[in-house]
Amino acid sequence: MRTAYSVETVRAAERELMARLPEGALMQRAAAGLAVACAELLGRVYGSRVVLLVGSGDNGGDALYAGARLARRGAGVAAVLLSPERAHPGGLAALRAAGGRVSADPARDLARADLAVDGIVGIGGRGGLRPDAAQLVRTAWESAPVLAVDLPSGVDADSGEVPGDAVRADATVTFGAYKPGLLIDPARERAGALRLVDIGLELPREADAEALQHADVAELLPRPAPESDKYRRGVVGVVAGSARYPGAAVLAVAGALRGGAGAVRYVGPAAEAVLARFPETLVHAGPPDKAGRVQAWVIGPGLGDESDALDDVLAAEVPVLVDADGLRFLTPERVRARTAGTLLTPHAGEAAALLGRGREEVEAARLVCVRELAARYGATVLLKGSTTLVADARGPVRVNPTGTGWLATAGSGDVLSGLTGSLLAAGLATRDAGSAGAYLHGLAARRAAGPAGAPILASEVAAHLPDAWRDVTE
């Protein structure tokens, strides 16, 4: 599992460690790891040209000391000092002693560079880059691969927001711990390939954000035992579809069946279309409370303006997932009155409507918005998008690492709802079901798109869910 910690937590851990180490030892650890990453990116150090973009903070010092190590290995290293009078004195002296130099012509040096190292702003930076730094960064980006020190300068380490001009790195070397902004868009896409350098920090057990990996998801997924029957595996009820959107019902049922449900009970007007594709589905005309026993409900995909069934579903004493059209009829009071778990799965536009904000605000501040929704509704919230986030009132926000842009296709959210509902019915907590569902959904989409990437249909994502399951568990 990748765990990410806030700037405040990282700074506190650094202070505790520095109190036990000789002066400058922690920076030397960071510089050593940074130099190794630079060498790997260059491929050949001797004779290469490296330009350091150096700000006034410790990130600039890390870059200077790493540059000194590269210069001792035969690289030509030039430092561009954005604040010459505030550059790290020890790092600058080390660079000069190793044969490096201060650049007198940054544009010329960048034009000839094999690698540019972004050491402009550290994790405590706020706001975008100043105009002079932004122009320098644009020149670097056009000239050579860019390696960011700790995080791309100009992005917010805690939130992943990008409030102005910022570095777009090909790779980022971060020290001690991942920062939430490295995992969450829009900052994540600016970080490139991530590398964590262990510098010996002692961090709390509970992180601010976490990204599950294969092994973590495998531990969450239910596996049928020899004595299992459909009820032990989980029966999920699906209230979806309408005369206008019958396909939403088919796709939600597909996600539930392919997601491991012991059985699916479908309630709605698209029973004929559902049975034509999946004859194993148990259909009922409704209302939901007369449909039979279920261990979880999914409601909302393609529902249109029909809201009567929502009252029945919310009154049920089982976990409920509310998606799409079902979200339009929710109020915080209705959700908070429930005794069983509730999982809301909005995309950015739906989240904006629930919060009374603009969609652009949600997309720019995904972490803040998902936390606000979870607090306002007293529910677990899965915010879909370029970085899918899962949050509840307590614990780290879960960041899904498997998404792909090919999931931006009609009906993919319906598949996710059915899949996640099946995991709720199997007994997973709302936070775990949302996290595991998003992870499998992303893997299935990658499978459907293929290694080169190609347009996919939501039905193809559903068809590849068993493959994703095997990828995780085998």
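Reply: Helices (H or I, at least four residues) and strands (E, at least two) are DSSP runs, numbered from the N terminus. The model shown here is predicted. On this numbering, Asp150 lies in the loop between β6 and β7 (171-175).

Me: What is the phi of Asp150, and is Asp150 buried or exposed?

Reply: Asp150, although not a glycine, has a positive phi of about 75 degrees. Buried means under 20% relative accessible area, so Asp150, at 5%, counts as buried. Ala324, in the loop between β14 (320-322) and α14 (332-336), also has a positive phi, near 50 degrees. With a relative accessible area of 17%, Ala324 is buried.

Me: How is the packing of two helices described?

Reply: Two packed helices are described by the angle between their axes and the distance between the axes. Here the axes of α19 (residues 430-449) and α21 (residues 465-473) come within 8 Å and cross at roughly 110 degrees. Angles of 65 to 115 degrees count as roughly perpendicular, so α19 is roughly perpendicular to α21. Residues making the contact include Tyr439 and Leu443 of α19, and Trp469 and Val472 of α21. By class, this contact has eight nonpolar, one polar and three charged residues.

Me: Which strands stand at the edges of the open sheet?

Reply: The sheet has seven strands in the order β4-β3-β2-β5-β6-β7-β8, with parallel pairing. Its edges are β4 (101-102) and β8 (193-197); each has a single partner strand, so one side of each lacks a neighbour in the sheet. Within the sheet, three bridges join β5 (residues 115-119) to β6 (residues 146-149).

Key
Residues are numbered from 1 along each chain as its sequence is written. This is a predicted model: local features need pLDDT of at least 70, side-chain atom pairs count only at pLDDT 80 or more; totals for chains, interfaces and linings use all residues. Side-chain values use heavy atoms; hydrogens and water are left out. Axes are lines fitted to C-alpha atoms, for helices over the stretch in contact, and angles run from 0 to 180 degrees between N-to-C directions. Angles under 35 degrees count as roughly parallel, over 145 as roughly antiparallel, 65 to 115 as roughly perpendicular and the rest as oblique. Contact means heavy atoms within 4.5 Å. Ala, Val, Leu, Ile, Met, Phe, Trp, Tyr, Cys and Pro count as nonpolar, Asp, Glu, Lys and Arg as charged, and the others, Gly among them, as polar. Two strands pair if DSSP finds at least two bridges between them. Buried means under 20% relative accessible area, exposed over 50%, partly exposed in between (1.4 Å probe, protein chains only).
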